[in-house]
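Q: Can we go through this structure quickly? I'd like to start with the terms.

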Amino acid sequence: MKRARVFGAVVAMGLWATGAIAAEYPTRPITLLHGYAPGGSADTIARLVAKPLSERLGQAVVVDPKPGAGGNLAAAAIARAEPDGYTIGLVTGGHAVAKGLYKSLAFDPVDSFEMVSNIVEYNFVLAVRTDHPAKTLQELLTIAKQAPGSVKYGSAGIGTTHHLTGELLNKVAGVQMAHIPYKGEAAAITSVLNGEIPLIIASPVTIAPQIRAGKLRALAVTSDRRWDGLPDVPTVAEAGLKDFNVSTWAGIVAPKGTPPAIIARLNSEIAKLVADPEVKARIEGAVGGEIHTSTPAEMRARVAAETTRWVGVIKEAGIAQQ
C-alpha cells in the first residue's frame, strides 16, 4: 500500500508538472521548421500559419526553411529537437514518401514525431496540350495501352507525390506511361507547352492559369471530388478508374515526446486560426486546396497509411532508392 501511495504521488506530481508547463507555454519564441525553398508552397503555408499562430500564443513563431533531400533534412532536425514545444515543423505529403524512397533515414516518418494537425490538402491535375488528340483521360489511356511507353508524363521530380501519382495511375489503369522528371513544376509545364512531352501531373494552383488561358486541357483531377477552381474537370474515378483517389497535404508535427497538453494547445490554436475566413482564403489560394484540420490521432493514421501505400508503389514501380 505504501509503495502504491508513493507511486501514485509520483504520477500525480508528473501530471501536475506537465499541466503547469502547458499552462505557461509558450514563454519564448517558437521555431517552425520546414524542408523546402523559401517562396515555395510549403514556405508560403508556413508563413501564413506562423503569423496568426504567434498572435494567438503571444510569442513569435519564426519560420526556418531547411531545404534539402526532399524535406528530409528538416524532418531529421525536427525529430532530434528538444520535445518542449519550442521546435515544431511543417511537413507535406512527401513526408510519407521518404521511407520508400531513401535507403536510410535519420527518422521514422511516423514514430519519430508527435502529430499536431493537418492544415490543408489539395489534389493534382492531369493535363495535356490543347492540340493533343486525347480529349478525355480514357482516350489518353487507350493511346497508352496501344503503344506502351509512348505516352510520357512530366512531374516535379523523382519520388515526388506527383511522380508517384503517375505510377499509381499506371498500376490501376494497366498501362505503361513513362515518367520524365523535372526540377520543379514550372519546368515540366514548359516542356508540355513546347510539345516535348504530352502529359503533366501538377498541382492545381500552378497549372490552372495555363488551363484557363486555353494552352492546356485538363483531363482529370486526382482526388475523390472535383476541385472548385476547375469545376468542369472530372475526377479520375469519374473518368472511369473507380476508387482512384490521391491528394497531398501539409500539416504540423512536433518532436516525439512533446507533452500531450502542448500538442493539444497547438492543435486547438491551429483549428481556430484556419477558421478565420481571411487566413483560410489565403492558405487555400496558395495551393489551390481546401482547409482540412484533424486530431493528432487522425493525422498519425493518415501518415502511417500513406507511408505504407507509397512504399508499395515505389517497390512495384521499381523506383531506385536514393
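A: Buried means under 20% relative accessible area, exposed over 50%, partly exposed in between (1.4 Å probe, protein chains only). This is a predicted model: local features need pLDDT of at least 70, side-chain atom pairs count only at pLDDT 80 or more, and totals for chains, interfaces and linings use all residues. Residues are numbered from 1 along each chain as its sequence is written, and side-chain values use heavy atoms, with hydrogens and water left out.

Q: What does arginine 226 meet in a salt bridge?
A: Glutamate 238, at 2.9 Å, N to O. A salt bridge here is a side-chain nitrogen of Lys or Arg within 4 Å of a carboxyl oxygen of Asp or Glu. Glutamate 238 is partly exposed too, at 49%.

Q: How many salt bridges does the whole structure have?
A: The search finds 16. In one of them, glutamate 269 pairs with arginine 56, with the closest N and O atoms 2.5 Å apart.

Q: Is glutamate 269 buried or exposed?
A: Buried, at 8% relative accessibility. Arginine 56 is partly exposed at 38%.

Q: Switching topic: how many residues are in the largest nonpolar core?
A: It has 34 residues, and Leu137, Leu140, Met177 and Trp310 have the most contacts inside it. Such a core is a set of buried Ala, Val, Leu, Ile, Met, Phe, Trp, Tyr and Cys residues joined through side-chain atoms within 4.5 Å.

Q: And the second core?
A: That one is separate, with 32 residues, including Ile30 and Leu273.
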